Amino acid sequence: AIPALLDIDENGNADYLVFGDMDGRVWVLDAKEGKSIKQVSSADYPVYPLPVSGALPYIGPIGSSVALYGNSAIFATGGTDFSSNTDQYGVYAVQIFKNGAVNLLWAATDQDTDGNALFSTGEKIWSSPQLDKYGNIYVSTGVGHSNTLNAGQINSTGKIHILNKSGVLQEQIATDSAAVGNIALTDGGALAVDFTGTAKKLGTPVTSTSSGGVNAKVYSWRLR
């Protein structure tokens with residue numbers, strides 16, 4: 001996934017590169033030196049590692065890019081073919097400090113931070129979290145999806161989840177199949193496309209053409 005650029009001192013320059021890895025670890029590298037801001041015996045360490053077996057919250061592989069909101073990193077788990085179909089995945093927010101310390105702000109997994117039902121077991125979060133100007137977080141998910149198969153070979157389900165910046169569920173929208181692509185945000189709404197190519201409009205996007213339509217770029221693919 002593409003690293004996110006964090007301007008920790010808000011001077012207009014990127015100070016850190018922030019990304020997750022397939023072992024469920026969040027890394028923050030110094031943009032000039034390429035070293036982790038967390039050093040142990042002069043060795044690079046992740047700032048937020050996968051908890052040991054049995055510990056909560058369990059993270060799992062971070063298969064998509066990290067989103068930034070101020071000095072907080074928001075990331076999602078499960079979006080890989082090799083991740084288990086029986087594990088619990090979720091969305092997490094951690095606060096990053098200059099000294100390399102990281103504080104878990106919240107975790108939204110089978111329940112959001114208010115205790116509302118959220119991600120089902122095996123529901124993988126394929127998209128990178130997308131944030132609107134209010135800090136609301138949009139993610140797309142899928143159950144039963146595999147990137148090694150085409151749409152006709154997959155019987156999958158999907159959802160679009162919208163959380164606020166505190167990890168509380170705002171809305172859930174079902175899609176016809178796994179929603180594996182990123183969500184496009186526009187003023188007043190959003191657009192998501194599932195694996196069968198069906199587009200789902202969320203909210204009431206502000207029109208951008210004289211015909212009253214909303215411009216959006218949609219990329220498609222098929223296995224060869």
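1. Two strands pair if DSSP finds at least two bridges between them. Strands are DSSP runs of E with at least two residues, numbered from the N terminus. With that in hand, look at glycine 189. Its bridge partner in β17 is glycine 203.

2. A word on the source. This is a predicted model, where local features need pLDDT of at least 70, side-chain atom pairs count only at pLDDT 80 or more, and totals for chains, interfaces and linings use all residues. Residues are numbered from 1 along each chain as its sequence is written, and side-chain values use heavy atoms, with hydrogens and water left out.

3. Now the sheet. Three strands form an open sheet in the order β15-β16-β17, and the pairing is antiparallel. β15 (184-186) and β17 (199-203) are the edge strands, each pairing on one side only. On average, neighbouring strands here are turned by 20° against each other, direction ignored. The axes behind that angle are lines fitted to C-alpha atoms.

4. Strand β16 covers residues 189-193. Five bridges join β16 to β17 in the antiparallel sense.

5. Check glutamate 10. Its phi is near 55°, a positive value in a residue other than glycine. Glutamate 10 sits in the loop between β1 (4-6) and β2 (16-20). The residue is exposed, at 70% relative accessible area. Exposed means over 50% (1.4 Å probe, protein chains only).

6. Serine 42 also deserves a look. It is not a glycine, yet its phi is positive, at about 65°. The loop between β4 (38-40) and β5 (43-45) holds serine 42. Its relative accessibility is 73%, so serine 42 counts as exposed.

Note on methods. Helices (H or I, at least four residues) and strands (E, at least two) are DSSP runs, numbered from the N terminus. Axes are lines fitted to C-alpha atoms, for helices over the stretch in contact, and angles run from 0 to 180 degrees between N-to-C directions. Buried means under 20% relative accessible area, exposed over 50%, partly exposed in between (1.4 Å probe, protein chains only).
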